[in-house]
Structure formats: structure tokens, C-alpha cells
Amino acid sequence: MDDLPAPAADALALSAQLESRIHEALAAAGGQLGFDAYMQRALYEPGLGYYVNGLRKFGGGGDFVTAPERSPLFARALARQVAQVLTTLQDGDVLEFGPGSGALAAELLAELDRLGCLPQRYLMLELSADLKQRQREAIARDVPHLAERVAWLEHLPQQFEGVMIANEVLDAMPVRRFRRTANGLAELYVTRAGTGLRLAEGTPQDDRLALRLEPLDLPDGYESEVNFAAEAWVRTVCERLQRGLLLLIDYGYPRAEYYHPQRHTGTLQCHYRQRAHGDALLWPGLQDITAHVDFTAMAQAAVEAGATLAGFANQAQFLINCGLTQLLEAVDPDDAGYLDLALQARQLLLPQAMGEAFKALALTRALDGRDGLLGFASGDRRHRL
């Protein structure tokens, strides 16, 4: 990892403290932790995990840039899908999971205001105190007149009506890793390596991995992930959704593409200071750890919970269906910001950028679907799930 910039001394001290806790957990667990348990601690350990330790993560000065931070066009187009559902319901709230810097919330509220279709409340479910403060600042700075509609939640509500949005949330949920060997299926665990950490093969924690993977007939040496945590989360959220839409936007594939023979090392990826690499055991707490989403698994979990699979498309098609190109065309080419917006639109739409890698999955309950969802009016790929 010679190309990665060295962390500051205080950041390294934080990481060392988290690694010490991981070693304590290893000792308590008999010397090994499932990769999912390690990933949970690396990302969410109270006060130390990546998403809760207060270090900067989003934007150009952080580790990665999400679509809402890349361009306001993302939220403005998304607002048209949200407005369609809120109009159909004739009421309802918006609930955003993992709101990050607050960029999506602020721009989405502003556009819904322009469309005359504001939700009763805009709710944000956020675990990090530092990010909550950043979100409050974004709302106060960008849409102060709408601040009274915004509220933060500590837990998922028991019942909800309206639109739920999870943009780049599922990819950060802990995954179980596996390797197909000549002796059968092995799960990958985190163990000690002197004073550090390493991965080791072991017997799977339970039979769920085998039940999921046996039908795929993967070759020896094949490595990848299964995200049972994300499936359980989708199932729970769909059970709580009484009426409305759950919209999942993330990078991923249908199952047949997820476990393609050419994707034999899996999809796990780490992000540190705008650089991607594959060492998830490096500097716990200082880097993001992600895995692509198996959208087939998410759709199946939702349907099991009583939701309806209402649409599946790549991000480019979804945003185009929601009017992104018309939003850009409405800007005067002579305006100072037009060129920047045009370049931003390319990043959101081009296949080699975010347009194909990211997908949008729509799950609904008790929603009148006679006209279909705007974002999936063309290019719907539900048949590929």
C-alpha cells in the first residue's frame, strides 16, 4: 500500500486503540472473528469505528464522493420520483438512511419545495453525532426555511408511510466472506498475526452459506461475499413500511452477475483518501470497507416481507427517467455554472463512471401502481433479478 498517504499520528493512535479492542474480541471469541464481526467493529465500534469516530469521510477532502455531493442534479432528479409517490399517497414523510454530509437532504428538500410537494417531515436516521452536526449545518445553511420539517431518529420507526431512501447504505453493511476450496466451502475469519491481523480459512459459522452458494456451482479458489445483514435489514424495513416506497441506490449486480466466474476475488473494496484498495485489515477505523450489493438477494428479502418489487434499473436510466437531462437543458449554456453541471451529469450517467455500476431498486407496499414509478418508466430490468 505504498501509494496510500500516511495517516496523521492522532489517526493512527485511534486506529491502534480500535485494533486493541479487536484483539480483545478475538481473545474472547477463542481466537477468530467472522469477517462480518470484524467489519462491524471496524466501521461501527462506538467512538472508534470508521462511521462514528468523527474523522472526515465525504467529499474531496475525505475518502470518497457520493452522488449527492458530486452534483445537485442527483437530488433534483430524485425529487421527481419522491414527489410522484407523495402525491399518490396524498401525505407522508421522507426518511433517509445514512444521510452522510446532509447534501442529499438539503437539495432534495429544496427541489420538493420548488415542486410544491414537501413531505410532512424529513426524517434522518444517523448513528454518528459528528455527521448529525454536519447535517444540521447543511440544513441551516441551504434550506433554513424548511428546518422545522427536519428531525433525526435514533431507531427505525415501528410504522412508516411515505418514501424511504437508502443511498449507498447497503454496501457498508458487514459481509461474510468465503472461499471455495478443494475440500469444500470455507469461511474467511480474522485472526491474530503477531501484533497484527490476518485472514484464515475455517468451518462456516452455520449452514446458510452452503445453502446460498451450492446452487451457484462456483469453482475451487473462488472468493466472494454474502451480505445476510443487508438482507435482514431490508426485510425489517419492508415490514415497517405500511404504505409507500423504499428506494435503494447502490453499486451492485443481480446474483448471476455478482457471482460471475470472472469476479473470482469478490467485490470487497476499501476507500482511503480517494484511493481504492483491497486490504480490509489495514488501519481499522481509518478507511471505508464496502462490498457490492447482490440485488437479487435484496429483492427476495423484500418480497418475503410482503413488499412488491416495483422497479430495477441502472442509475443512468433511473435519473434520465426522472428528468435529469431536462433539468440540465433548462440551464442557460451561457451561465457560469453550466459547464460544471454538464460535467457532473456525465459522471452520474456515463457507464464507465456511475451510470452502470450503480443501480436503483424500488420496493413498495400498498401503493397504487397503475401508472408505474417514474424512475422505471423505461429500462426496467426486473426480469434480470
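Where does Cys117 lie? Cys117 sits in the loop between H5 and strand E3 (122-125). Helices (H or I, at least four residues) and strands (E, at least two) are DSSP runs, numbered from the N terminus.

Before going further, a word on the model. It is a predicted one, in which local features need pLDDT of at least 70 and side-chain atom pairs count only at pLDDT 80 or more, while totals for chains, interfaces and linings use all residues. Residues are numbered from 1 along each chain as its sequence is written, and side-chain values use heavy atoms, with hydrogens and water left out.

Leaving aside neighbours within four places in sequence, Cys117 is in contact with Ala83, Leu86, Thr87 and Leu112, where contact means heavy atoms within 4.5 Å. Cys117 and Ala79 are 38 residues apart in sequence, and their C-alpha atoms are 9.2 Å apart in space.

Ala79 and Ala83 also belong to the H4 side of a helix pair, together with Pro72, Phe74, Ala75, Arg76, Leu78, Arg80 and Val82; the H5 side consists of Leu104, Glu107, Leu108, Glu111, Leu112 and Arg114.

## Two helix pairs

Two packed helices are described by the angle between their axes and the distance between the axes. The axes are lines fitted to C-alpha atoms, for helices over the stretch in contact, and angles run from 0 to 180 degrees between N-to-C directions.

H4 (residues 72-89) and H5 (residues 103-114) pack at about 55°, with their axes 8 Å apart. H4 and H5 are therefore oblique to each other: angles under 35 degrees count as roughly parallel, over 145 as roughly antiparallel, 65 to 115 as roughly perpendicular and the rest as oblique. H4 passes H5 in a right-handed crossing (a crossing is left-handed if the near helix is turned anticlockwise from the far one by less than a right angle, and right-handed if clockwise).

The axes of H1 (residues 9-28) and H2 come within 10 Å and cross at roughly 150°, so H1 and H2 are roughly antiparallel to each other. The crossing of H1 and H2 is right-handed. Leu18, Ile22 and Ala25 of H1 meet Tyr38, Arg41 and Ala42 of H2. This contact of H1 with H2 has five nonpolar, no polar and one charged residues.

## Aromatic pairs

How many aromatic pairs does a search of the whole structure find? The search finds eleven. Rings of Phe, Tyr and Trp (its six-membered ring) pair if their centres lie within 6.5 Å; planes under 30 degrees apart count as stacked, over 60 as edge-to-face and the rest as tilted. Two of the pairs are set out here.

| Pair | Centre distance | Plane angle | Class |
|---|---|---|---|
| Phe35 and Tyr38 | 5.8 Å | 50° | tilted |
| Tyr251 and Phe358 | 5.2 Å | 80° | edge-to-face |

Phe35 and Tyr38 are separated by about one helical turn, because they are three residues apart in helix H2 (residues 35-44). Both Phe35 and Tyr38 are buried.

Elsewhere, Phe178, Tyr253, Tyr258 and Tyr259 form one aromatic cluster.

Thr191 belongs to strand E7 (residues 184-193) and counts as buried at 9% relative accessibility.

Most residues other than glycine have a negative phi. Gln274, although not a glycine, has a positive phi of about 65°. Gln274 is in the loop between strand E11 (269-272) and strand E12 (275-277) and is partly exposed, at 40% relative accessibility. Ala366 has a positive phi near 50°. Ala366 lies in the segment after E16 and counts as exposed at 53% relative accessibility.

Technical notes. Buried means under 20% relative accessible area, exposed over 50%, partly exposed in between (1.4 Å probe, protein chains only). Ala, Val, Leu, Ile, Met, Phe, Trp, Tyr, Cys and Pro count as nonpolar, Asp, Glu, Lys and Arg as charged, and the others, Gly among them, as polar.
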